[in-house]
Amino acid sequence: VEAGTADTCFRAVVAASTPVRAWFEDEKHTPRGAELTSATTGLVPPRGPACARKGEKLRLVIDPQAAPITARAIVWQAP
């Protein structure tokens, strides 16, 4: 996801078939906000949105703790 013409915050909901760790990170792989740990479902970040400055890009990382895995995520712009 990319912050367009202004600072923007994002959240995601993740659902997976096995426990995962999930977090947002920037282009330098620096985590943004707290991560979801050892869960099959939940909000990322768990305690509030991850924010990006104008022009920055964030990506959602889902790290499975077992394989095989099926996962879905919905990302939205937080108010």
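The largest nonpolar core of this chain holds 14 residues, and the ones with the most contacts inside it are Val14, Phe24, Leu36, Val44 and Leu58. Strands E1 (8–26), E2 (31–44) and E3 (50–52) each supply at least two residues of this core. E1 gives the largest share, with 7 residues. As background, nonpolar side chains tend to be buried together in soluble globular proteins. Please keep in mind while reading that this is a predicted model.

**The chain as a whole**

What are the elements of the chain, read from the N terminus on? They run β-β-β-β-β, with 0 helices and 5 strands in the chain. A compact globule of 79 residues would have a radius of gyration near 12 Å, and the chain agrees with that because its own value is 12 Å. The C-alpha trace spans about 40 × 25 × 20 Å along its principal axes.

Of the 79 residues, 34% are buried. The accessible surface of the chain is about 4800 Å², and carbon and sulfur atoms account for 53% of that surface. As for charge, there are 10 positive and 8 negative side chains, with the centres of the two sets 3 Å apart. If you take the contacts between residues at least 6 apart in sequence, 68% of them join residues at least 24 apart.

**Around Leu36**

Leu36 is one of the core residues with the most contacts inside the core, so it is worth looking at what surrounds this residue. Setting aside neighbours within four places in sequence, Leu36 is in contact with Val14, Val20, Arg21, Ala22, Thr41, Gly42, Leu43, Val44 and Pro46. Val14 and Val44 from that list are also among the core residues with the most contacts inside the core.

**Thr18 and Ala67**

Thr18 sits in strand E1, while Ala67 has its place in the loop between strand E4 (58–64) and strand E5 (71–78). The two are 49 residues apart along the chain, and their C-alpha atoms are separated by 8.0 Å.

Is Thr18 buried or exposed? Thr18 counts as buried because its relative accessible area is 16%, and the cut-off for buried is under 20%. Ala67, at 73% relative accessibility, counts as exposed, because exposed means over 50%. Not counting residues up to four places away in sequence, Thr18 touches Ala39, Thr40, Ala66, Pro68 and Ile69.

**Backbone details**

Which residues does a cis peptide bond with omega of about -5° join? They are Ala67 and Pro68, and Pro68 lies in the loop between E4 and E5. Another cis peptide bond runs from Val44 to Pro45, and Pro45 lies in the loop between E2 and E3.

| Site | Feature | Angle |
|---|---|---|
| Val44 to Pro45 | cis peptide bond | omega near -20° |
| Ala67 to Pro68 | cis peptide bond | omega about -5° |
| His29 | positive phi | phi near 65° |
| Ser38 | positive phi | phi near 45° |

His29 is found in the loop between E1 and E2, and with a relative accessible area of 52% this residue is exposed.

Terms used. Residues numbered from 1 in each chain as written. Predicted model: local features only at pLDDT ≥ 70, side-chain atom pairs only at ≥ 80, totals over all residues. Heavy atoms only, no water. Helix = DSSP H or I, 4+ residues; strand = E, 2+ residues; numbered from the N terminus. Rg over C-alpha atoms; globule rule 2.2 N^0.38 Å. Buried < 20%, exposed > 50% of the residue type's maximum accessible area, 1.4 Å probe, protein only. Contact = heavy atoms within 4.5 Å. Areas by Shrake-Rupley, 256 points an atom, 1.4 Å probe, with all protein chains shown as cover. Lys, Arg positive; Asp, Glu negative; His and termini not counted. Charge placed at Lys NZ, Arg CZ, Asp CG, Glu CD. Core = buried A, V, L, I, M, F, W, Y, C linked by side-chain atoms within 4.5 Å.
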